[in-house]
Amino acid sequence: MTNKKDHFSEMTAGDTVRAPYQRYQSWFAQQDVARLAKKANEAEAFFRRTGITFNVYGQDDAEERLIPFDLVPRILSNSEWTKLSRGIEQRVRGINAFLHDIYNRQEILRAGVVPVELVANNDAFLPQMMDFTPAGGVYTHIVGTDIVRTGEDEFYVLEDNARTPSGVSYMLENRETMLQMFPELFSQNRVQRVSDYPKNLRKSLEASAPAGCTGRPCVVVLTPGIHNSAYFEHSFLADQMGVELVEGHDLRVVDGHLAMRTTRGYKVIDVIYRRIDDEYLDPLTFNPNSMLGVPGIMDVYRAGNITIANAPGTGVADDKAIYSYVPDIIEFYTGEKAILKNVETFRCSKADQLQYVLDNLADLVVKEVHGSGGYGMLVGPAASKKEIADFAEKLKAKPSNYIAQPTLSLSTVPVMTESGLAPRHVDLRPFALVSPNSINIVPGGLTRVALTEGSLVVNSSQGGGTKDTWVLES
Amino acid sequence: MLGKNAGGLFWMFRYLERAGNTARLIEAGFRIALTRSTNPASEWKSVIATSASQKYYDAKYDGYDSARVTDFLLRDPDNPNSVLSVIRFARDNARMVRTGLTTEVWSAVNETWMLLNDVLKEPIPETDIPEVLAAIRQQSALVRGALHGTMLRNDIYDFCRLGTFIERMDSTARIIDVKYYALLPATSFVGSSMDNVQWEMILRSVSAHASFRWAVDGGYNAPNIANFLILDKRLPRSLAFCASQMVENLEYLSDDYGERSQSLVMAEELSKCLKSRDISMIFDEGLHEFLTGFIADTTNLGLQIEKDYRFNA
């Protein structure tokens, strides 16, 4: 791996502590490390007891695991955040405009800015969404943009996660845990609140209710069930919003509306925040074997009687091949240059770029176009010769399935280890809420940290942990 | 509330009650097995019969002894009524209805599952059984305490209570039915040490051996014990107590929902059939016949609640 000095350290610059971390550092200097270690164990016991766990696919023994929580916060100054949130807002606007265009007039394709085949051959593109506009024109009600940092002013967007981004419950629980463990830190540092997120989420979803809805809209969260890896988050969000958590078998179409079976009979639903993929949404329209969705929900949707968040077919915008066009997309619809940079991306579907990728596999990160969760990717610098050779075969077999990016020198934030603080690589997933009249970005987000020294993979399914993320008030 | 969640709450508390009842049965079984005047195998057989796990047991074992029976009832995954199984079901249901529970109730159930899952992972040496049974009892008390202390008294609470009482009512009726011959006043063993042992077993199975002494003046005899378990409304595990609690919770639900449910009508009938009799009338019509009918009515009441409140699609 590259030398540690090459990585931007968010806490220290040479011998000095960077401004946002100064108060924290002076607090930390007075702490007894043994006491902190004890606190960390307490936090873990608390997470287990309250059931803040996730299920890992493909592992029989440990059905439910904890995402390791590191008690050193990741701290952003207000000015760093202002720039980030403006950039995210712009990106989210661009993506919503793109989705509306793609499913209606398709001007961006006609203008040749985005190649037609990238949309036409895209599995996430849903013809059923053509010539239909969701309530208020909102496609991505919730977006979790993955951002990495490489320098003082260098922020890159890694992924747009416009389908069903997860992790916001960890953001909220991490803050709650920090407040309980170290209340004094929050009187010394003016940290912006994240706890309004569930309230804002509900407000934002209600504002996106169908036009015909009268009275307070009925919102529900749709989960695949208790065995889903993100079930904790589904039930947490429903609980925090004060809305019902439903499964497909609780729902049915009644008189042209979506309704849930309650103890008093069927009750009409106006907005469904679904945490299942498009494919499983409606067995009559998509995967006929799906037991998770609701037969006929797409008809209700197209009749304008239910809001589905996020809208079906949004995946076409967070595809990793489309990703490389997002700066062009933003410029096309807003006339502005993208505030946040993209990571340079090689499209393996193009012969010359494929050749470059094959020649430089040891230095690149290669990802599946539709992949997520850190599965099916190659991190060149960390891979063995054999892994690289095997991956090259997969790549040659189906080039259009992959994109490649240079290995970014991700910033580091210290974590607590047995031998004190040690730098580890981090990324950041802020959460944006989109409603017909506003975009609301919660100050902070989920910081994921690669707990293994030198590792760049932060996914929880691959041994990553999380941190509380602070945005200071000034 | 979602019908599915009402069902989840109902079953969660049925399973929790079942775990406690099973622990109590094992405890009583051990007591009796230590008494020389009885045949241990037949006592363990009646424990299995009472736990409603007979068919699962028969599928696995021939013959009865304490090690096999306790292992089967405490931790056998092939037995859907084992403590380990029902605690897992209870916790799965709690996870499903998480939004309806207070943090205290959810944490108590989750902690119970974590603890018992750990304790019941390996076979339990006989010397450790009392400790394990105590842990089960203590954990059920924890969940119960969290429920009473923190939950709103609304329909959610009513479904939790209905699950508890229907399970308890069914369990007490089975305990009496399996041993009904020991309670018949006409048997030739009256007053013998044999009966005393059986009576103690029955009272211990419902944690009533101490309270019986205090509550009942007339002394240690079959009609008094049968009366205590069936008709005495002071005993929280008696059929009369459970039935009247179910009527109460179903009344709350009916008021809340503005509609008198069929299950309320059925529960009232059940409660009335207990109130309108004294123990000699029950003996006259046949204790076993009475209990068989009562258990069937309890099952039907459970099915009617499921239907009235739309637990299933």
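The legends below accompany close-up views of a predicted model. In this model, local features need pLDDT of at least 70, side-chain atom pairs count only at pLDDT 80 or more, and totals for chains, interfaces and linings use all residues. Residues are numbered from 1 along each chain as its sequence is written, and chains are lettered from A and ligands numbered from 1 in the order in which they are written.

**View 1. The two domains of chain A.** Domain 1 covers 4-343 + 408-471 and domain 2 covers 345-407, with bounds from an automatic or database domain assignment. Taken over C-alpha atoms, their centres are 26 Å apart.

**View 2. Where domain 1 of chain A meets domain 2 of chain A.** Here 14 residues of domain 1 are in contact with 12 residues of domain 2; contact means that C-beta atoms, placed from the backbone, lie within 7 Å. On the domain 1 side, helix α13 (residues 320-323) of chain A gives the largest share, 3 residues. Helices are DSSP runs (H or I, at least four residues), numbered from the N terminus.

**View 3. Chain B against chain A.** Look for 20 residues of chain B in contact with 18 residues of chain A. On the chain B side, α1 (3-33), α5 (83-96) and α6 (103-119) of chain B each give two or more residues, and α6(B) has the largest share, 5 residues.

**View 4. Confidence along chain A.** The mean pLDDT (the predictor's confidence in each residue, from 0 to 100) of chain A is 91, and 96% of its residues reach 70 or more. Please take care with residues 57-62 of chain A, where the pLDDT is below 50; beyond near neighbours in sequence, this stretch has 2 contacts in the model.
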